[in-house]
Amino acid sequence: MRRRGQGELEAQVLAVLRSADGPATAGWVQKHLEGDLAYTTVITILSRLYAKKAVTRSREGRSYTWTSASDEAGLAALRMRRVLDGERDRDAVLARFISALSPGDEERLRALLARADAPDDPDNPRDTEGL
């Protein structure tokens with residue numbers, strides 16, 4: 001059995017939640033995930049995603065229903081932010097990150113930052129609703 005990459009299971013759970021017609025139970029998520037994951041594993045992943053604000057939950061009787069509040073890009077951005085928040089020298093980390101980007105990605109980043117500084121831009125990448 002192959003070992004999943006970091007964040008892979010969370011991304012799979014989010015994808016399953018986004019495919020639901022509405023709020024879903026952990027049992028529904030478990031049933032729609034590939035592989036034989038234990039119910040407790042699904043609950044653990046959903047709880048971690050909830051702590052990261054990637055999902056919301058509502059009390060339904062004695063359990064919860066879950067809804068995706070993010071997508072894979074939002075989850076990846078959150079992981080990147082947590083790594084950055086854990087470093088003492090943010091300037092050095094950001095400088096190294098930028099210097100490691102491909103020219104195309106650096107251009108994309110510059111364009112996104114310029115757009116973020118534009119007032120009233122509906123495509124503002126600093127809008128955190130998707131996170």
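Ala24 stands opposite Trp66 in β3, in a predicted model where local features need pLDDT of at least 70, side-chain atom pairs count only at pLDDT 80 or more, and totals for chains, interfaces and linings use all residues. Residues are numbered from 1 along each chain as its sequence is written, and side-chain values use heavy atoms, with hydrogens and water left out. Here's the rundown, strands to begin with.

**Strands**
- β1 and β3 pair in the antiparallel sense, with two bridges; strands count as paired if DSSP finds at least two bridges between them.
- β2 and β3 are antiparallel too, over six bridges, and Arg59 sits opposite Tyr64 in β3.

**Overall layout**
- You'll find six helices and three strands in the protein; these are DSSP runs, with helices being H or I of at least four residues and strands E of at least two, numbered from the N terminus.
- Going along the sequence, the order is α-β-α-α-β-β-α-α-α.
- Of the 131 residues, 24% are buried, meaning under 20% relative accessible area, while exposed is over 50% and partly exposed lies in between (1.4 Å probe, protein chains only).
- Take the contacts (heavy atoms within 4.5 Å) with a separation of 6 or more: 46% of them are between residues 24 or more positions apart.

**Helix α1**
- α1 covers residues 8-19, so to speak a 12-residue helix, and spans 17 Å from first C-alpha to last, close to the 16 Å expected at 1.5 Å a residue. That expected span is 1.5 Å times one less than the number of residues.
- Its buried residues are Leu9, Glu10, Ala11, Val13, Leu14, Val16 and Leu17.
- The cover over those buried residues includes β1 (24-25), α2 (26-32), α3 (39-51), β2 (55-60), β3 (63-68) and α4 (72-85).

**Glu10**
- Glu10 belongs to helix α1.
- Glu10 counts as buried because its relative accessible area is 8%.
- Leaving out residues up to four places away in sequence, Glu10 touches Ile45, Arg48, Leu49, Lys52, Leu75 and Arg79.
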